[in-house]
Amino acid sequence: MTGNAPRNDTKEHEDYSERFVLCFMWVRGSSCCCYVNLIRTDLIATPIYPYMSQLKNAFDVYLFALSCGLRAVMSGNIGDGLKLLIAPVGYWRFLPNAFVLQEFKSQHNPKVLDASSPKLLSLMLASRTGNKVYATDLNDTQIFSRWQQFARALGLKNYEVEYQDARQLKYPDEFFDLVYSISVIEHIPGQGDAEALREFCRVLKKGGRVVIEVPYRRQRREIVAHYDSKGAPLETPQFYERHYDASWLRERLEDVQGLSLEKKVILGETLPIDPWIATNRLPRPLRIVLLPLEPLLAALNYWSRAHDTIGRPLAALLVYRKV
Ligand SMILES: C[S@@+](CC[C@H](N)C(=O)[O-])C[C@H]1O[C@@H](n2cnc3c(N)ncnc32)[C@H](O)[C@@H]1O
C-alpha cells in the first residue's frame, strides 16, 4: 500500500531520510552498510538544502529546549528545568517540530494557536513572534503549572495558556495566522477530528496555515483504553485514539471545506525503535538514559516521505492553507 501522491509542494520534503543517509554516509566514509538499501541514485542530483533546513529547524527547537531548561533552573524552577534538560525533545516530536517551525518562519510575526500539542514548541514560537501565542489544552493542568512557569522564566509576555475544546474554540473568526495541533485530533471520538479541523479553519485568517499530525499505519485501527491516565481500571473501556491509514486520511482529513491541502508527508522510522521506547519493555534506568538521546535517534532513524512503501510509517503530517 502506498500513501497518496501529495497535491502540491511536498516535493521538497520527500525522502528526507534518504538525503540524510546520503550525507551521513558521505561524512562517515560510506561505513554505514545497514542503510545502503535506502539510497537512490537519483538523489545524487537532488539539492540537499531542503533536508538541511528541516534538520536545522529540528535542532533549533532542541537547542531552545536546552536553553529553556537552563533558564528555568537558574530562575529556581529546578525540577522542571532538569526534566527539560534530561528529556528536551521526544523521539516522535523532533521532525513535526521542524515542519511547524518551517510554516511559522514563512510568515511575518504570526499570531499562533497551539491546540493541545506538546508545549515546548509554542514557547519557542512565542519567543520569536511579535504577536501572541495561545497555548491551549482541553484539561491538562500542566499548561498552567509547568508551561506558564517556563514562559515567565523566559520573560514572555505574549504567551497565553487556556483550556479550550478544539471542537468549539472560543476565538473569533479569522483570528490566527497559524494553527497547529500535533498528536491531538486522533484522540477526539466520533467525528471530533473533522469537527476540530473545521474549527481550525474558522479561526484562521485567509492565507493562514494549519498543521496537524496524526498517527498513521498501513492498517487503520481504533484503540480502546482499559485504564485511565493514572493507571486505574475503567468500568467500561473508552475510545483512546485512531491510527489512520491512507483511505481514512483521505476520507476524514484531506477534504475540508475552506482549507486547501498543501503538503502531506508520511513520517516513520527505519529501525524499529518506537516499539521499545513507547512501551515498558526496556528496564527503567536504560529508558532514562535514552531520553536525552532521543533527538539524535530521531535525526538518524526518523524519516519523512511522500509515501509509506518502505520503513515503518508512524505518523502523517498535513499542512493546509485557508482559501
Ligand atoms: C497525546 S496528547 C498531545 C500532546 C500533549 N498535549 C503533550 O503535552 O505532550 C493529546 C492531547 O489532546 C488533548 N485533547 C483531547 N481531546 C481534546 C479536545 N476535544 N480538544 C482539545 N484537546 C483535546 C488532551 O488533553 C491531550 O493533552
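Trainee: Which residues of strand 2 lie on one side and which on the other, and are they buried or exposed?
Mentor: Val133, Ala135 and Asp137 are on one side, Tyr134 and Thr136 on the other, and all are buried. Buried means 20 or more other C-beta atoms within 10 Å of the residue's own; exposed means 12 or fewer, partly exposed is in between, and C-beta atoms are placed from the backbone. Strands (E, at least two residues) and helices (H or I, at least four) are DSSP runs, numbered from the N terminus.

Trainee: Before I go on, what kind of model is this, and which pLDDT cut-offs apply?
Mentor: It is a predicted model: local features need pLDDT of at least 70, side-chain atom pairs count only at pLDDT 80 or more, and totals for chains, interfaces and linings use all residues. Residues are numbered from 1 along each chain as its sequence is written.

Trainee: Back to strand 2. How does strand 1 join it?
Mentor: They run parallel, with four bridges. Strands count as paired if DSSP finds at least two bridges between them. Ala115 has Thr136 of strand 2 as its bridge partner.

Trainee: And how many bridges link strand 2 to strand 3?
Mentor: Five, again in the parallel sense, with strand 3 covering residues 159-163. Tyr134 sits opposite Glu160 there.

Trainee: What do the helices between those strands make?
Mentor: Helix 5 (residues 120-128) forms a right-handed β-α-β unit with strands 1 and 2. Helix 6 (residues 142-153) forms a right-handed one with strands 2 and 3. Right-handed means that, with the strands pointing away from the viewer, the path from the first strand over the helix to the second runs clockwise.

Trainee: What about strand 8, how many of its residues are buried?
Mentor: Nine of its 11, so to speak mostly covered, over residues 259-269. Strand 8 pairs antiparallel with strand 10 (residues 312-322) over 10 bridges. Ile266 is opposite Ala316 in that pairing. Strand 8 also pairs antiparallel with strand 9 (residues 302-305), over four bridges. There, Glu269 faces Tyr302.

Trainee: Which residues touch the most others in the largest nonpolar core?
Mentor: Val61, Leu123, Val179, Phe200 and Ala316, out of 79 residues. A nonpolar core is a set of buried Ala, Val, Leu, Ile, Met, Phe, Trp, Tyr and Cys residues joined through C-beta atoms within 7 Å.

Trainee: What does Phe200 touch?
Mentor: Ala115, Val179, Ser181 and Val210, leaving out residues up to four places away in sequence. Contact means C-beta atoms, placed from the backbone, within 7 Å.

Terms used. Two residues are in contact if their C-beta atoms, placed from the backbone, lie within 7 Å.
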